[in-house]
Amino acid sequence: MRIGSRDFDTKHHCYIMGILNVTPDSFSDGGRFSQMDAALFHVEEMIKEGMDIVDIGGESTRPGHTKVSEEEEINRVIPVAEQIRARFDIPISLDTYKSKVAAAGIAAGVDVINDIWGLKYDGNLAGLIADAGIPCILMHNRQKPDYTSYMQNVLEDLSESVQIARQAGIADEKIILDPGIGFGKTYENNLEILNKLEILHSFGYPLLLAASRKSMIGTALDLPVEERLEGTLVTTVIGVMKGVMFVRVHDVKENVRAIKMAEAILNQ
């Protein structure tokens, strides 16, 4: 898979997507990187630690988050995206489900659109991505966990997202799927889908896992968000063992090491 100017071997290696939240209310690092200098310093730091893609988010999607307008989201993310593009040779992902924000991001040089609603929120987004010819990440999500047959329903929901993408003209080689840890799922649902990630390979697309520091880990370990590194590393290693090709994380250095160790064992 080609993302930006870089080729990704999505058959043999798991890559790191580093999280850059430029929001004042992110669940994990709210406000820390909302100023330009701090954001750019953090990107440089993550690149040194082994980040492969940077994912910029301008609206917190934590439980109970406050939605922001398209204009506010654009004002938060686009200047940062432009500066990252100008200063660093790193593929840029934009975490948004709004076509107006995505269009501004694409104009600013972002390489991937990461949509937490799997193209189901904004009817214009799929066509915009197709016209731009860039990859997209389609995440599983529901308004509430009203499943009749959980894993089957997840597959059906993701199939709908894939159908929207393909009907809009997004090429198969431009699609990445995300099981949506922490979105429209109970604690038990999150654990189950992590344990059964391999089922999602039935679609034939690369998988991205985004479990870093999430409440599932906090619940399992009874730990606050700033103490969830070890739990995150476990999810990353399980992801590697189950064939995930991208992990979206806060702590780049530690996850790079965990992936390297897991792959050393699996490749023997």
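Visitor: How much accessible surface does the protein chain have, and what share of it belongs to carbon and sulfur atoms?

Guide: About 11700 Å², with 49% of that belonging to carbon and sulfur atoms. Keep in mind that this is a predicted model.

Visitor: What makes the chain agree with a compact globule?

Guide: Its radius of gyration. For 268 residues, a compact globule would come out near 18 Å, and the protein chain has 17 Å, so the two agree. The C-alpha trace spans about 40 × 40 × 40 Å along its principal axes. Buried residues make up 54% of the chain. Among contacts with a separation of 6 or more, 68% join residues 24 or more positions apart.

Visitor: How many helices and strands are there?

Guide: The protein chain has 9 helices and 10 strands. Let's take helix H9, residues 252–266.

Visitor: How do you know what span to expect for H9?

Guide: You count 1.5 Å a residue, times one less than the number of residues. H9 has 15 residues, the expected value is 21 Å, and the helix reaches 21 Å from its first C-alpha to its last.

Visitor: Why say that the buried residues of H9 line one face?

Guide: The buried ones are Val252, Asn255, Ala258, Ile259, Ala262 and Glu263. Looking down the axis of H9, they fall within an arc of 130°, so they line one face of the helix.

Visitor: On to the rings. What makes Phe8 and Tyr15 an edge-to-face pair?

Guide: Two values. Ring centres have to lie within 6.5 Å to pair, and planes over 60 degrees apart count as edge-to-face. Phe8 and Tyr15 are 4.8 Å centre to centre with 75° between the planes, and the pair is edge-to-face. The structure holds 5 aromatic pairs, and ring pairs link Phe8, Tyr15 and Phe246 into a cluster.

Visitor: Why are Phe8 and Tyr15 called buried?

Guide: Buried means under 20% relative accessible area. Phe8 has 3%, so it is buried, and Tyr15 has 7%, so that one is buried too.

Visitor: What about Tyr147 and Tyr150, why are they edge-to-face?

Guide: Their ring centres are 4.9 Å apart and their planes stand at 75°, so this pair is edge-to-face. Tyr147 is buried at 15%, and Tyr150 is buried at 9%.

Visitor: Which residues does Asn190 touch, and is it buried or exposed?

Guide: Asn190 is found in helix H6 (residues 187–195). With a relative accessible area of 4%, Asn190 is buried. Not counting residues up to four places away in sequence, Asn190 touches Tyr150, Gly180, Ile181, Gly182, Lys185 and Met216.

Visitor: Why is Ile199 called partly exposed?

Guide: Ile199 has 31% relative accessibility, so it counts as partly exposed. Ile199 is found in the loop between H6 and strand E9 (208–209). Leaving aside neighbours within four places in sequence, Ile199 is in contact with Met151 and Leu155.

Technical notes:
Residues numbered from 1 in each chain as written. Predicted model: local features only at pLDDT ≥ 70, side-chain atom pairs only at ≥ 80, totals over all residues. Heavy atoms only, no water. Helix = DSSP H or I, 4+ residues; strand = E, 2+ residues; numbered from the N terminus. Buried < 20%, exposed > 50% of the residue type's maximum accessible area, 1.4 Å probe, protein only. Arc of directions from axis to C-beta. Rg over C-alpha atoms; globule rule 2.2 N^0.38 Å. Contact = heavy atoms within 4.5 Å. Areas by Shrake-Rupley, 256 points an atom, 1.4 Å probe, with all protein chains shown as cover. Phe/Tyr/Trp six-rings, centres within 6.5 Å; stacked < 30°, edge-to-face > 60°.
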